[in-house]
Amino acid sequence: MLTLEQIAAHQALASFAVQYDPAQYVPFRVEAVVRDRIAERDPIHLDAVLAWGLAWTLFGPYYPFTWPVVLPLPLAILWEDWQQRPLYAATVFRPVGPVTTDIEAIIRREAPQRWVAQTSSSGRFMGRRAYIPMTVGTRYVAEGIGDVSLVCELLAKVARLGKLRHKGPGELVCWRVTYDEPDVTFSLVRDGRLTRAVPVAAARALGLACAATTTRGGWTPSPAYWHPATWAEIYPPGTPAERIETDAVA
Amino acid sequence: MPTITVVPLTEHHDFLITALQPISHHDPVLQDDSNRTLFNRTRRVVAAIPGAFPTQEQIDAFCQAWPVPADLAPVIADLTFPEYVAATFVQVLLALYAGGEGTGLLSGTDRYVHLTDRLCQAAVIAQGSRVRPLVAVWDLLSDSLLLPPPPSSWDARLLSLWSLPLGLQYQSLRVLQEHTSSVVVLARAWNEARKLLSPAYAEKVGQAPLLEATIAPRFSVTDLVPAADERVVLDLPTLSANAVRNRLFRTPLWWHLVQTLNLPPVPVEVEDFFCAGGGIKAGAQEPGNVAELARQIRTTFPSVDLLGGNIAGANLRDSYLQLSVHLVCRENADVLEGTPAADLPEAKLSAFDLLDTVTLTRRGDDQMLFTFETVCAGTKFYLRTDLLPGCPELTRGAFACAVRLFLSDWQTVGGQAARGYGYIRVEHLASPPGWTTDLADAYETYLRDHRDQLVAWLLDRTLGTGKVVL
């Protein structure tokens, strides 16, 4: 049963989506200029970032749903599954310019009283080390099709990109959103590879021929955070693919 | 071109952290077993260090001078020239010191473990050395592996190795940093094969001698020349933002809460939650109303709203405070660009000039030396904090309270504070217009006005939710 807060949240989502006008949607490119690095275990999708911005705009830190809820974004919808969950026209962020990778470790602390008891024979605090892969580089680019002004409004709420946002990585200097230029285009396939996660069923519907490397994973930002209930059999970003069917944009 | 620049709508503050004593803050990623510990490092992509590269004639001469046993030639042929130089470097070390019973720490069954650990450290440290990288690695290894000077008969060959063009040396150094284990394995195989070329040695160890002679590999100079905008990757000393977050915000705010509420001893889970962020208990299920629980806890305890945390079954979602820390140094010039720290005199110093090495003894059954890197007193770090949009007034008050605390007194960061390491002073470089630490007064007033209720909720581990959540 929905709580009053959840009903209000649904209404807030619907009210925000009233502004969306697909006639205003254009291809755009988002460049994230970060201070020095981002922490990421999986590729970061532009639509997931915008969903975070929408959730923060409407709910702050109190996202009210614990089950999958479609978050309406000002982006073109390429395909919907049987539950009307959308595949948005948005790619993952890819690094441009000089870039390298790194592994960093953080140590998850425990209460002082427990420090002695929990040291292990394999090194002090060994059991509480968490290793995080980093991408070291300052510029990351993604493309999409949508309402540029609303996209900018949502991006303004996002101050860090990637994981460990509160502990250093992903510090954004600014976002740069470019549109209405001949070289700004959106495509599900770039240089023979998928630019975002695409469900197997969507790939068929959109006329994509992909290499048979599927996995179970997320593909739609509902809810804004990780939730296995939204997973499906997908072709992950970077999968070799052919045939671009941008005409299939709904 | 229609481009819109969007700056995140955060309330951001700039601080400057100055080390009053050397900071001891080590790299948990390096899990070697040695008694030497490097300062915490992070990678940065910077403009290539200028340096000459060898001509084709110099490459051919090097290959003639350091031929490989024929058995290994197919393996060597697949290497790049910097990899070949790196393998040669290690092979020379083994040829000089690892024969027979071995020398220094290059003896006994652990000799290759010692070599791999020390070589990895030496290659990282050598990046910032003022001498040629391969010379620096050699010196550092000689020191850490307790090796005597090489015999004079090797002088000419060693000098030719150490005097390779600088650009090539940096490329080989990168190989030693990133592929230490495989380079040691290759050099070991090379050294063994070289020894088996001697029939006397082969007979002594009971193996068939290698009959084929050595072969000089071939490499092309065209594979070496870097592009005009070549970048290199450096491992720079860095202070973990997570450590700074704990030492400047989480821990001080916990002790402030203890003092302001005159708090009696609380359950360990409560201290864990406030002092370290808590943890989700194994097997615990997320409550169905986690958003409402989070709202109650975060509005009741503004410091939790600021810093976040985990109750038994759930994460309380994004905290309002985000921060990052950068070493003020020459190599970070582009990172610091546009910040108040960019023009500091320290921004002209190399990060590697700020490092120092300390050796102490510890007592167990017997005395043992241990060595660790520090950054020296006077080193500065730029700290940027962001409060996310919508941050409530009391939460801003908790932030101001932490700022007031760490601006008013020395703090420590990193390890070995009991020995005097890690004392820092923090200055406020820039803040939003109208911001003042007086915001902390409202937070303190809130705590005092609700003291009895807050203490009760801490002692019963409900945090104001009506159910035990820790």
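Predicted model: local features only at pLDDT ≥ 70, side-chain atom pairs only at ≥ 80, totals over all residues.
**Figure 1. Chain B as a whole.**
Chain B contains 17 helices and 17 strands. Its radius of gyration is 29 Å, well over the 23 Å that the globule rule gives for 470 residues, so chain B is more spread out than a compact globule. Along the principal axes, the C-alpha atoms of chain B fill a box of roughly 90 × 60 × 45 Å. Of the 470 residues in chain B, 54% are buried. When contacts in chain B between residues at least 6 apart in sequence are considered, 76% join residues at least 24 apart. The accessible surface of chain B is about 20,100 Å², and carbon and sulfur atoms account for 53% of that surface. Chain B carries 37 positive and 51 negative side chains, and the centres of these two sets are 3 Å apart.

**Figure 2. Chain A as a whole.**
Chain A has 5 helices and 16 strands. Buried residues make up 54% of its 250 residues. Among the contacts in chain A with a separation of 6 or more, 77% are between residues 24 or more positions apart. About 10,800 Å² of chain A is accessible surface, with 56% of it belonging to carbon and sulfur atoms.

**Figure 3. Asp36(A) and its surroundings.**
Asp36(A) sits in the loop of chain A between β1 (26–34) and β2 (37–39). Asp36(A) has a relative accessible area of 8%, which is under the 20% cut-off, so this residue is buried. The side chain of Asp36(A) makes a polar contact of 3.3 Å with the side chain of Arg37(A). With neighbours within four places in sequence left aside, the contacts of Asp36(A) in chain A are with Thr135(A), Val136(A), Gly137(A) and Thr138(A). Asp36(A) is also in contact with residues of chain B, namely Arg44(B), His326(B) and Val335(B).

**Figure 4. His326(B) and its contacts in both chains.**
His326(B) belongs to strand β12 of chain B, which covers residues 321–327. The relative accessibility of His326(B) is 4%, so His326(B) counts as buried. A polar contact of 3.4 Å links the side chain of His326(B) to that of Glu171(A). Not counting residues up to four places away in sequence, His326(B) touches Arg35(A), Asp36(A) and Glu171(A) in chain A. In chain B, the residues touched by His326(B) are Asn332(B), Val335(B), Leu336(B), Lys380(B), Phe381(B) and Tyr382(B). Val335(B) is in contact with Asp36(A) and is also touched by His326(B).

**Figure 5. Arg41(A) beside Tyr131(A).**
Arg41(A) is in the loop between β2 and α2 (46–59) of chain A. Its relative accessible area is 52%, which is over the 50% cut-off, so Arg41(A) is exposed. Arg41(A) is in contact with Tyr131(A), Ile132(A) and Pro133(A), leaving aside neighbours within four places in sequence. A polar atom of the Arg41(A) side chain lies 3.4 Å from the backbone oxygen of Tyr131(A). Arg41(A) and Met134(A) are 93 residues apart in sequence, and their C-alpha atoms are 8.2 Å apart in space.

**Figure 6. Val221(B) and its loop.**
Val221(B) is part of the loop between β8 (214–215) and β9 (231–237) of chain B. Leaving aside neighbours within four places in sequence, Val221(B) contacts Pro54(B), Thr55(B), Gln56(B) and Ile59(B). A distance of 71 Å separates the C-alpha atoms of Val221(B) and Lys467(B), which are 246 residues apart along the chain.

**Figure 7. Ala77(B) in helix α2.**
Ala77(B) is in helix α2 of chain B, made up of residues 73–77. With 54% relative accessibility, Ala77(B) counts as exposed. Ala77(B) and Ser152(B) are 75 residues apart in sequence, with 31 Å between their C-alpha atoms.

**Figure 8. Gln416(B) and Arg461(B), two residues with positive phi.**
Gln416(B) is not a glycine, although its phi is positive at about 60 degrees. Gln416(B) lies in the loop between β16 (411–412) and β17 (423–430) of chain B. Arg461(B), which is not a glycine either, has a positive phi of about 60 degrees. Arg461(B) is placed in the segment after α17 (451–459) of chain B. The relative accessibility of Arg461(B) is 25%, so Arg461(B) counts as partly exposed.

Key. Residues numbered from 1 in each chain as written. Chains lettered and ligands numbered in written order. Heavy atoms only, no water. Helix = DSSP H or I, 4+ residues; strand = E, 2+ residues; numbered from the N terminus. Rg over C-alpha atoms; globule rule 2.2 N^0.38 Å. Buried < 20%, exposed > 50% of the residue type's maximum accessible area, 1.4 Å probe, protein only. Contact = heavy atoms within 4.5 Å. Areas by Shrake-Rupley, 256 points an atom, 1.4 Å probe, with all protein chains shown as cover. Lys, Arg positive; Asp, Glu negative; His and termini not counted. Charge placed at Lys NZ, Arg CZ, Asp CG, Glu CD. Polar contact = N/O pair within 3.5 Å; in protein donor to acceptor, adjacent residues only side chain to side chain.
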